[in-house]
Amino acid sequence: MILARLEELLRTRPPDEPDYLGEPLVGPRLVRAAPSGARARMTSPGAAAVGFGGALIGLLLFGLVAGPLAGPTTNPPSGQTADALASATSASARPSASASSSDVIPWIDESPAPPPTPEPTPDPASYQRCVADDLILVAGGWNGATGSLAGGASVINASNEPCAIGGKPGVDLFDSAARLIARGQNPTSPEPADLVPLPTGGTASVITVWSGWCGEPPARPLHLRLRLPNDKTELTARVDEAGGSETAVPRCDSPGSDSSFGVPLPFEAPEQVPPDYPPEDCAVDRLQGFLGTWGAAAGTSYASMFILNRDRVDCALGIEPRIEILDFFGHVLVNDEPASSAAPGSTLALPAGSVAVGSLGFADWCSAAPASPLAANVVIDGIRLPLELRSDIPVPPCMEAPGTSSPPGLFYDRSLAIPGGELAPEEPNSMNGLPVRVSIEIPASVAPGTDQDYIVDLLNVSQFGKPINLFPPCPSYTESLTLPGTTRDVPTTYQLNCGQSVVLEPGAPVRFAMRIAIPPDSAAGTASLVWQLGARGPSGKTAFVIAP
């Protein structure tokens, strides 16, 4: 499975190195505007066309190579002593952005901050069942699968209340003239274990399989119809066939037989994996936007806004993009920047196939009534993305004093965010996959019961000459000591001393003073030390002798 996903990644987007930053994006959360050049994970083949499914970090190969024992084994020069190392560690103050390779950044006794506590998993059985009126349907295809074509169908909870969905929906496939071309099975009621909880903006998906086509290619675009158990209403969506599948049809295995369309597995939630690097900005033509049903409170109209990433890779999206309100003739009525409390340039990482959801407020229409119905755009990097409406946009009442002509208010009641809260990183400040070579200098012989000083060199080996900024936040590191006569290591995790900034320039090593406690009951013999940056980042290994 990993090799298949990796092959898809390489075929879709050639590998390169990102503009490395010390702050890994573990989104959704507020971050600085992400630079271009990073690559993110791909989705699983079964739901690739709509982006829902599994995940793969774009630099997976590098992460595998840079495993716990991948760094070089180095020992100090023959004349190096513990006293010399200790003297070196006290010769340097806090690090700066221009630290030279001869400086040694002092060791600090600081533990990393604990990872955030994840939200408790809701019990899907406590939610009401989703019905078609709650949901938005998106569909995509196709990928080849033993003569059949596999696509995806995904639903988004566009209501203001959580609901649960499960089982296998009924699905049918139609051509552009609404003629049925492939009939599917009836929907099946979910088992309790199948239920997927959907908060507002939450998603669930199924794989669709189209088999046995023996006629001329059907007229495009195709449309998918989805039916839920115990619900007489239906959902219909145009099949997104971007990526060269616009003329694909399944293999004809039985001439004269009807084509079939089915769902082999029940609804499931998309896999949520934090990306290791800030991804590229979202491509507007691979986004889809919706405005939910409008409601009113205290004279202000409110609606949820949903932005779906239909691409196959994660992307970076501003949490409060500009909104336009237009009249029936397309004239822009309101195009001011919505009132915002977010930091300028704040973005979130929008995983492939996931939805960012926010809330808009619209108030104080004190001019002449506009030509209705109204429409709305979201403006991203100067490009307009029309928002599909689930209800008409109401003209809010004027709440100002009579005779005033102030412009209407348009604001974010809630900024865009991923439903369900933040994704906790596997380990805080992970540096997984960085092109860094780790070298360790430690005396050839150390005594039991001592706090042994040593030095770690970090060398930037980027093939593209890109600097690596280790701050903010400063990454953690782990020392794993294996004592003589044992096979069990003793790991200890600390925070690296980055001060205000430590930048690894290409080819210029940065030296860090380290300290490790040698247990007083250590047996004499050869010990080994593995030093690793982050959770699964670059590492180095060395051996030394413990002697009384």
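How many disulfides does the structure hold? I counted four, taking a disulfide as a pair of cysteine sulfur atoms within 2.5 Å.

**Basis.** I worked on a predicted model, in which local features need pLDDT of at least 70, side-chain atom pairs count only at pLDDT 80 or more, and totals for chains, interfaces and linings use all residues. Residues are numbered from 1 along each chain as its sequence is written, and side-chain values use heavy atoms, with hydrogens and water left out.

**Entry 1, Cys130 and Cys163.** I found the sulfur atoms of Cys130 and Cys163 2.0 Å apart in a disulfide. The torsion about their S-S bond is about 90°, so this link is right-handed. Strands (E, at least two residues) and helices (H or I, at least four) are DSSP runs, numbered from the N terminus. I noted both cysteines, Cys130 and Cys163, as buried; buried means under 20% relative accessible area, exposed over 50%, and partly exposed in between (1.4 Å probe, protein chains only).

I recorded a disulfide from Cys282 to Cys315, S to S 2.0 Å. The link is right-handed, with 80° about the S-S bond. Cys282 lies in the loop between strand E11 (260–262) and strand E12 (287–291), and Cys315 in strand E15 (residues 315–318), 33 residues apart. Cys282 and Cys315 are both buried.

I read 1.9 Å from S to S for the disulfide of Cys366 and Cys398. Its torsion is about 85°, so it is right-handed. Cys398 is partly exposed, at 34% relative accessibility.

I traced an open sheet of five strands with mixed pairing, in the order E24-E32-E31-E27-E28; two strands pair if DSSP finds at least two bridges between them. Strand E24 (445–446) and strand E28 (489–495) are at the edges with a single partner strand each, so one side of each lacks a neighbour in the sheet. E27 and E31 run antiparallel and are joined by six bridges. Ser480 stands opposite Val530 in E31.

I looked up which members of the largest nonpolar core, 36 residues in all, touch the most other members: Leu458, Leu496 and Trp531. Such a core is a set of buried Ala, Val, Leu, Ile, Met, Phe, Trp, Tyr and Cys residues joined through side-chain atoms within 4.5 Å. Strands supplying at least two residues each include strand E25 (451–460) and strand E31 (525–533). E30 gives the most, with five residues.
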